Amino acid sequence: MDYFAQQVINGVVLGSIYGLIAIGYTMVYGIVGMINFAHGDIFMIGGFIALISFLILVSLGLTFVPVILLIVLLVSMAITALYGWTVERIAYRPLRHSFRLAPMLSAIGMSFVLSNYSQVAQGARVKPVPPIITGGYTLLDSNGFVVRLSNVQIVVVITTIVLLAIFTWLVSRTRLGRDMRACEQDQTMAALLGVDVDRTISMTFVIGAALAAVAGMMYLLYYGLVDFYMGFVAGIKAFTAAVLGGIGSLPGAMLGGLLIGLIETLWSAYFSVEYKDVAAFSILIIVLIFLPTGLLGRPEVEKV
Amino acid sequence: MKSLKLIGLAFGASLALSTAAFAQDTTIAVAGPMTGGESAFGRQMKNGAEQAVTDLNAAGGLLGKKLALDVEDDACDPKQARSVAEKIGSAKIPFVAGHYCSSSSIPASEAYADGNVLQITPASTNPLFTERNLWNVARVCGRDDQQGTVAGDYIAKAFKGKNIAILNDKTTYGKGLADETKKALNKAGVTEKMYESYNKGDKDFNAIVSRLKRDNIDLVYVGGYHQEAGLILRQMRDQGLQTVLMAGDAMADKEFASITGPAGAGTLFTFGPDPRNKPTAKTIVEAFKAKNIDPEGYTLYTYAAVQVWSQAAKKVGTTDPMKVMAAIKAGSWDTVIGTLEFDAKGDIKQLDYVVYKWDDKGNYAEINPKGS
């Protein structure tokens, strides 16, 4: 039981990070109908910017950790959002009315551009940081097995919940959210009714990138390192999470992320670590056989 | 003004030198992971090879020609290693010092054999590298069957009656080393409580760490590379687990300590006797220190690989790979890491592994340097 609890903690934290990245995939898919393969690399950029701003703050002599974290969070969200906006502006918008595969190919190209860019700009080595948030709580202690919840894990999960709440509110209650939902349903009609479609799509990329930056920062805090190729694997996992939850659905992405995290962890806990990816992808396949639109996805309505 | 002129003069001279060298130099290659997770070790190899070439050129070059160095990146990827090897072969480069990952060195060696390139690896320890009777391979480091035996014996002695777990990363190097260590442990009468593998490149080891915690593991042996080992260690400490981590020669870079932070203290690994402490290495270590490079890990091994090749080439008076290899296996070579002799397979005859320990300041040193 204690062991199970510990593994669930591990899985939920991992799943939160996947979920934050998955939201970026799902939002873009919902509105533009394309898979933004560069999103994993936007996440990587977010991690790097968090690292750089963290180092700058420390060298400026700041030592109070919550303030550092808040500034790093805001800075990396802002700058990564700029990256997201730029990528959309130069790589996707010119191709929006081209054939369906064009933006996707452009996205794959962007993914290479971003990862090679940070390799050249930041070097090929792994960039570690010393543990920033240390300590934790002992939740249970029985028969010698101690269930630990570290402070980093608490920070990751709480940040995820808070940001998810903010962005859910943004999509469901604000003008921008209404525009986004309108564009999701029918771009032409939305434009006719006075919605600035280009701006709305740009904002979607900005929001997705900002969340990816948060994920990048959480990743840096939790694992303590970033490198230029970390976007690929994380991106694939998060994309899987988005599909599992039902691509296009915001809560679905989060649910998918948590599920992938939990499946991987629990499979490693009770069966073999080697086959954790096999387990995660097998469950994806089974779900897609019975629920082709994912767990929370709505069936595609044929647009007439 | 004077200094400006001097710079101009120096620039002109170096330009003249480099063009002169370009016209007729012998190119040799160093190949390893210059990018990716293992790039710390690629950099060690590059530093070692560059210094060796500089020193050889300062001493008049080789066979009347200057040496030039070609640096190739395999990113520790077998496919990329193979294409690097084909590129080096078709460029008619007679000698390569490389690669780092055994999973790169082994497939590349076949392409080198076809392309008539002599390959000396400074770092690949998997036994298979020299066990396939290829004519063109040699190594200046030890083998994992030696390394695993030393690790296994040490664990059996120092962790008698404790719970042992063995992990590996499924790579040629990691799995090979983990299996050799397991073999040595079992022979010493110790059975490990857990044997698991993970994927190289994984970042999240919390699930494994919780398993180690459940099974009350006292020592975990990791057959794998430093990045994953560092993360395992860090996540162990995050979960309040004080298990000792032990691993192989892939920990011999300060980057391991920068991943773990102070949590790395007490971590054990096996490596050859520190070449930086050898009297033969004194002047070269100082040359590195002057450039602000710590010649740790495989830096001096790479230097030695270039030395062995150049001395043998000088002896036979040609760079023809077949003739040089025959000379290498027949002779005895004075290198920065000591006098080396090779057997018919291309393994060195005299290297012993020793156990090192990391301290809380991010340095590592041999345990019982005099041997026990």
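I count two residues as in contact if their C-beta atoms, placed from the backbone, lie within 7 Å. The model I am reading is predicted.

**Entry 1: domains of chain B**

I looked up the domain assignment of chain B first. Domain 1 covers 25–141 + 277–341, and domain 2 covers 145–271 + 353–366. I then looked up the spacing of the two, and their C-alpha centres lie 28 Å apart. How many residues of domain 1 of chain B are in contact with domain 2 of chain B? I find 14 residues of domain 1 in contact with 14 residues of domain 2. On the domain 1 side, helices α2 and α4 (102–114) of chain B each supply at least two residues. By class, I note for that side 5 nonpolar, 7 polar and 2 charged residues.

**Entry 2: helices α2 and α12 of chain B**

I turned to α2(B), residues 39–58, and its packing with α12(B), residues 299–316. The angle between them is about 40°, and their axes are 7 Å apart. The crossing of α2(B) past α12(B) is right-handed. From α2(B), the contact includes Gln44(B), Met45(B), Gly48(B), Ala52(B) and Leu56(B). From α12(B), I list Leu300(B), Tyr303(B), Val306(B) and Ser310(B) among the contact residues. The residues of this contact divide into 9 nonpolar and 8 polar, with no charged ones.

**Entry 3: where chain B touches chain A**

I next looked up the contact between the chains. I find 30 residues of chain B in contact with 28 residues of chain A. Which elements of chain B each supply at least two residues of that side? They are α2, β7 (194–197), α8 (206–214), α9 (226–238) and α10 (255–260). Helix α8(B) gives the most, with 7 residues. I record the classes on the chain B side as 7 nonpolar, 14 polar and 9 charged.

**Entry 4: a sheet in chain B**

I followed an open sheet of 7 strands in chain B, in the order β7-β6-β8-β9-β10-β13-β14, with mixed pairing. Strands β7 and β14 (364–366) of chain B are the edges, each pairing on one side only. I note an average twist of 25° from one strand to the next. Do β13(B), residues 354–358, and β14(B) run parallel or antiparallel? They run antiparallel, joined by 3 bridges. In this region I find Lys357(B) opposite Ala365(B) of β14(B).

Definitions and conventions: Residues numbered from 1 in each chain as written. Chains lettered and ligands numbered in written order. Predicted model: local features only at pLDDT ≥ 70, side-chain atom pairs only at ≥ 80, totals over all residues. Axes fitted to C-alpha atoms, helices over the stretch in contact; angles between N-to-C directions. Helix = DSSP H or I, 4+ residues; strand = E, 2+ residues; numbered from the N terminus. Left-handed = near helix turned anticlockwise from the far one by under 90°. Nonpolar A, V, L, I, M, F, W, Y, C, P; charged D, E, K, R; others polar. Pairing = 2+ DSSP bridges. Domains from an automatic or database assignment.
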